[in-house]
Amino acid sequence: MTTPDHDGRAVADPIGLITRVENELGPETIRAVVTAVAGGRAKSRALAAALVRRPAVLNDGRSPAPRAVGDLLIALRKAGAQAISPPVCTECGKHLRTLQRRGQSWYCGVCGPVYVACAACGKNRRISTRDRSGQPRCAKCPDTDDRDPLAVVHSVIRQLDPHADLGLIADAVRRTIPRAADRQKLAWALEANPSLLTGKGHLAPVPAIVRPIDVLHDADVAGIVRPACPLCHRVVRLHRPLDGQRVCRSCIARSRVIECGRCGARREPATRDTQGRPLCPNCLIRDPANLETCTVCGERRVVNVRTSDGPICPNCRPLPPLVCSICGRTAPCALSRLTGQPRCGACDQREARCTLCGSFRRVHSGTPEEPVCGPCTKPDAELWRPCPLCGQAERLRAPGPCRRCLLQQRLDELLAGPSGAVAPKLRALHEALASTERAATAIHWLSGGIVSTVLSDLGSGRRPLTHEALDELPEGKVVEHIRSVLVATGALPARDEQMIRLERGVNDLVTAHSTAEGRQILHRYATWHLLRRLRHRTRCEDVTHEQLVVARQHLRAAAILLDWLTEHGLTIATCRQADLEQWLTSGDARLRREAGHFVRWALARKIASDLSFPAVKWSGPSQPMDGEVRWATARRLLHDDTIRTEDRLAGLLLLLYAQWPSAIFRLTVDDIEEKGGAVRIRLGDVPVDLPEPLADLALQQVAVRRSHAVLARTASPWLFPGGQPGRPISAWAMGERLRKHGTLSRRPARPPCSNLPPSCPPRFSPAPSASTSPSPSSGNEPQPGTGAPTPPRSAAGTAREPSARSPGGKGERAMSDPAGILSTMDGIETRPLRDRHELDAVLRTGFTLIRIVAPGLRYRLVGTAAACLQGVDLSVGDVDILVDRRQDVDAVAEALADFPCVTAPQWLASAPQYFACYILDGVGFSVSTVEVPCDEDGWECQGPGPWRHYVTVDCGGHRIECVRLELRLTTEFLRDRPDRYQPLLTHLGAHGADLELLQQSMTVRRVPETLARLTRGLQATRKP
């Protein structure tokens, strides 16, 4: 805000000048009035400059002064100002509530009008209108024309296009010229000069003529020609008249070129200084009074771009899209200081082994296949100085050791015991972290609060190095990741984490039941049926994630049924067939097919009687994969080098050797044998020879299989490593990656056995799921070797295709309600978020993975999650992310590939959107484009609205970009959801709202007046 000793700041902020005079109104009220009168920077600057030149106008209200000053005085008086004078008439001194002006002089309604001779009667009277020749007419002598202007325009256009439609022409004229008087002028002008429609539009006497010409030309009306600028001959929008003809904005600017009074450059002046000298745009924005504090770096600099968070300087500006000199992609790029070439964000952060020197460094040039490090790109001794500790040449930006030495120091601080030495059990962890290729990633990982605390406790002995000690910590992905790192380095013995997690979940679910009898039945069902069969069928192997999900769903289905029976005063023993059918047809019934397993188990154990719940027999794959499609996909995987090696190898094993993801993900490096120049793979008891080039792909995968970013390459036995150290990729994640490349359909479609290679062994069938019943299985259970479950079936037994369920409708409604999909996926367990802390945890998990795969992702958080993150007391069902490109949906899907998938990336034509949905910690996490053609600003999930109007909220180390609450409020208005729009109104009432944005959104989206009235009590928030 402007202070008395900083008058120069008034060039951009006139608030302080007004607060010196007016004491009754607060600064916030004055700011709101100034924003309403002069919201734009140019108008605000002109208003401030006028007040600096003559501040007494605030006290006496006398002109000459710009119109904005008069409007400001009237608005301040209406707001309750007492010391501010209203504008007064220049001639009679009357206080004005509205004003007329000639030049910069203000007049009342009596003194203001000019009296001239009427062109019809010749008497000196007030001008009311002008006739078709442009001559003045008084109110008693109007230039009357009883013809319909639209009919006149249509008759003129029919001379050019005899088939021109009257309705089309009338609609174009009404949309571009809303006033009836202007339509009459259009008819007169076209009747007098029809050539205005055929390229002479620059001679139009009134500006309203040019707009309908553009619309009619776009409507393909024959003979209509858009006018070109008469000076530069470009077909662009004609801006203003110059020497009797209308010209474009560039020619107007060239006609105003003058020498800048400060720098001497010849340009169109942007403003004038206090001495009246012209200032060019560069001098204006570099004026000290116009410098502002950058919201990114915190320095007072020139404003390059404005966001909802505030101004951003040129150094912190968003990067322009260029062709990266390394990967060749078109993406936001910065120019490398080393080479001067554009480099995208992914390549700027990429580290790889240099093809010239062999060191693992950040990539500065070369190609993705042949990267080159910085010292090899530009071997300059001034740039690459030796580290004072290790002597390795590094580009040291500050005094001190290099990153690897900093990592060594950090590890010594965390893992060293009281004696100063690392405990023997932690030495392997110390060596693995110290020798990691990505030192910066390891430093960042060790800087996390939970990671550093846990490792420090383990190193000092405050916490025993056991699984039980880690189990005492709060559950979460971070703790599980620490455990996997300790197991991978040998500090902890391996254990079946999925079984431990299942046992913990069983205990929680059983104890949560309300009756003792129900808890006893659930304990028997879980312990002696589900867990016992699961241990027997895994045969001492680790339980897979899919087996965990299925067993948990079966137990949860039993708990849901018992809860319903308890609410109706029944037990499983007293339940009859009518009661069971009532539950099956009620809205509370979930996981019906899984509940059937529990009912049949209870009947077999004689816990229940007189019940019938038949199983749905699985009829096998719906159809074999088309042979031509299979061979075309196989050829693409064999020869397309842009696809990852692991995806190519896994896809070919499925297509050529009928191996499903549940078998592929268990393969180890020992299953690939190379003897005597022949490469074999062990898919069963007998190894199979691999032909070229499949053999070369298998050897490549053994050599280049990725290691974990935090650790050095460990002796992991898995051919397809997963996201956690020492563990393979899950069968579900493997299936999702294959579906992404069209190798695996969501409904199982087995390759025909008759087309398999002659040397292919019998299909390898891993141990089936523990939830498989001796009776014929239900349609949603995984079969031996089939990997992911088949699509759930409805009560009628028909298969439900995921793609047939759009997320709730078209456009924005679909994006903001992906629960429409989640609620139909009975086979996947989802739940709403419990509170804001859980929302923070889900967002932290999701965006941590997303930042790795897509660091420059342009997105917006929308829906109830965005409102809750901004502080609204609102229940959240799931997390919705809006992106503007389909490849961004694919990138997010890649980042979340290790989580259960509800809907793989696919086009939903009924929405229309490109949509994907995953499950993070039991919560739906969806990402989507909304591809509805829309130019209106005011929608939450379509058009320019979400990209222009958003706020940034800190969440778990990430700055989450959320769509503004005003746009969310109109969405809930249209849905008529008082349970949601009332909390939004309460929050905006307490914190303020952008009333202009809210009104614009309600107007664009046609919110009913009965709901719009609810916003009248909201106060305007302070704008930065």
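Mentor: T668 counts as buried because its relative accessibility is 15%; buried means under 20% relative accessible area, exposed over 50%, and partly exposed in between, with a 1.4 Å probe and protein chains only. The model is predicted: local features need pLDDT of at least 70 and side-chain atom pairs count only at pLDDT 80 or more, while totals for chains, interfaces and linings use all residues. Residues are numbered from 1 along each chain as its sequence is written, and side-chain values use heavy atoms, with hydrogens and water left out.

T668 sits in the loop between helix 27 (661-664) and strand 25 (672-675). Helices (H or I, at least four residues) and strands (E, at least two) are DSSP runs, numbered from the N terminus. Leaving aside residues up to four places away in sequence, T668 touches P717, W718 and L719, where a contact means heavy atoms within 4.5 Å.

Next, a hairpin. Strand 33 (residues 950-955) and strand 34 (residues 958-963) run antiparallel and are joined by six bridges; two strands pair if DSSP finds at least two bridges between them. D954 stands opposite R959 in strand 34. Two residues lie between the strands of this hairpin, and G956 takes a positive phi near 60°.

On a 1 Å grid over the protein atoms alone, a cavity is a set of points where a 1.4 Å probe fits but cannot get out, and lining residues have an atom within 4 Å of a point. The second largest cavity has a volume of about 50 Å³, a volume being the space filled by probe spheres set on the points, which are joined across faces, edges and corners. Its lining includes L470, D471, E480 and R504. Helix 18 (467-471) and helix 19 (477-488) are the elements that give two or more residues to that lining, and helix 19 supplies the largest share, three residues. The lining divides into four nonpolar, no polar and five charged residues; Ala, Val, Leu, Ile, Met, Phe, Trp, Tyr, Cys and Pro count as nonpolar, Asp, Glu, Lys and Arg as charged, and the others, Gly among them, as polar.

Finally, confidence. The protein chain averages a pLDDT of 78, and 85% of the residues score at least 70, on the predictor's per-residue scale from 0 to 100. Over residues 746-828 pLDDT stays under 50, and the model has 213 contacts there beyond four places in sequence. Where pLDDT is low, the predicted coordinates should not be read in detail.

Key. 1 Å grid on protein atoms, 1.4 Å probe; cavity = no way out; pocket = protein on both sides within 12 Å on 5 of 7 lines; lining within 4 Å.
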